[in-house]
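Please consult the sequence and the structure shown below alongside the text.

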Amino acid sequence: MGRAKEEGLRRDELMQSAMAIAIRAGSISADCPHETPIDLLNPDPAFELAREEYAKGLHQEFDSQTELEEAMQDAFDSTGQECGACAKNAAE
Ligand SMILES: [Zn+2]
């Protein structure tokens, strides 16, 4: 596996971790039965919760708080698409 691909995978995993924080913070709504992140609400609580928890020593998968915040931004950038499974159900 190439280095670029490994980094892409790691980035994706970090993004998923950040996404979970954002959903807990209420910054991203996953309001469908498939828990697909759909709506970006207010980003601030997610950054606050991430900083607070990182300061407590949680989220060791991130090398730094900056990396956590970058992953959080990735998570926000990936919202806003409708859930594919819901869209499929609606079309049937
Ligand atoms: Zn869905």
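## Burial in the predicted model

A residue counts as buried if 20 or more other C-beta atoms lie within 10 Å of its own, and as exposed if there are 12 or fewer, with partly exposed in between. The structure is a predicted model. By this criterion, 18% of the 92 residues in the protein are buried. In helix 3 the buried residues are Leu68, Ala71, Met72, Ala75 and Phe76.

## Overall architecture

The protein contains four helices and two strands, arranged along the sequence in the pattern α-β-β-α-α-α. Along the principal axes, its C-alpha atoms fill a box of roughly 45 × 35 × 15 Å. Of the contacts between residues at least 6 apart in sequence, 54% join residues at least 24 apart.

In soluble globular proteins, nonpolar side chains tend to be buried together. Here the largest nonpolar core comprises 15 residues, and those with the most contacts inside it are Ala18, Ala22, Ala46, Ala50, Met72 and Ala75. Two or more residues are contributed to this core by each of helix 1 (3–25), helix 2 (44–55) and helix 3 (65–77). Helix 1 gives the most, with six residues.

Apart from its neighbours within four places in sequence, Ala22 is in contact with Ser27, Ile28, Ala46, Met72 and Ala75.

Helix 3 has 13 residues and reaches 18 Å from its first C-alpha to its last, close to the 18 Å expected at 1.5 Å a residue. Viewed down the axis of helix 3, the buried residues fall within an arc of 145°, so they line one face of the helix. The face turned away from this buried side carries the exposed residues Thr66 and Asp77. Cover for the buried residues of helix 3 includes helix 1, strand 2 and helix 2.

How are helix 1 and helix 3 oriented where they pack, at what angle and with what distance between their axes? The angle is about 80°, and the axes are 8 Å apart. Angles of 65 to 115 degrees count as roughly perpendicular, which makes helix 1 roughly perpendicular to helix 3. On the side of helix 1, the contact is made by Arg11, Leu14, Met15, Ser17, Ala18, Met19 and Ala22. The partners on helix 3 are Glu67, Leu68, Ala71, Met72, Asp74 and Ala75.

## Helix 2

Which residues of helix 2 are buried? They are Ala46, Phe47 and Ala50. Seen down the axis of helix 2, the buried residues fall within an arc of 95°, so they line one face of the helix. An α-helix has 3.6 residues a turn, so residues three or four places apart point the same way. On the other side of helix 2, Asp44, Glu48, Glu52 and Ala55 are exposed. The elements that cover its buried residues include helix 1 and helix 3.

The 12 residues of helix 2 should span 16 Å at 1.5 Å a residue, and the end C-alpha atoms of helix 2 are 17 Å apart, which agrees. Just after helix 2, Gly57 takes a positive phi of about 95°.

Most residues other than glycine have a negative phi. Glu35 has a positive phi near 55° and is found in the loop between strand 1 (28–29) and strand 2 (39–40). Glu35 is exposed, because 10 other C-beta atoms lie within 10 Å.

His59 also has a positive phi, near 60°, and its place is in the loop between helix 2 and helix 3. With 19 other C-beta atoms within 10 Å, His59 is partly exposed, since the buried class requires 20 or more.

Ala87 lies in helix 4 (residues 84–91). Is Ala87 buried or exposed? Ala87 is exposed, because 11 other C-beta atoms lie within 10 Å and the exposed class takes 12 or fewer. Ala87 and Ala55 are 32 residues apart in sequence, and their C-alpha atoms are 39 Å apart in space.

Terms used. Residues are numbered from 1 along each chain as its sequence is written. This is a predicted model: local features need pLDDT of at least 70, side-chain atom pairs count only at pLDDT 80 or more; totals for chains, interfaces and linings use all residues. A nonpolar core is a set of buried Ala, Val, Leu, Ile, Met, Phe, Trp, Tyr and Cys residues joined through C-beta atoms within 7 Å. Two residues are in contact if their C-beta atoms, placed from the backbone, lie within 7 Å. The expected span of a helix is 1.5 Å times one less than its number of residues. The arc is that of the directions from the helix axis to the C-beta atoms. Axes are lines fitted to C-alpha atoms, for helices over the stretch in contact, and angles run from 0 to 180 degrees between N-to-C directions. Angles under 35 degrees count as roughly parallel, over 145 as roughly antiparallel, 65 to 115 as roughly perpendicular and the rest as oblique.
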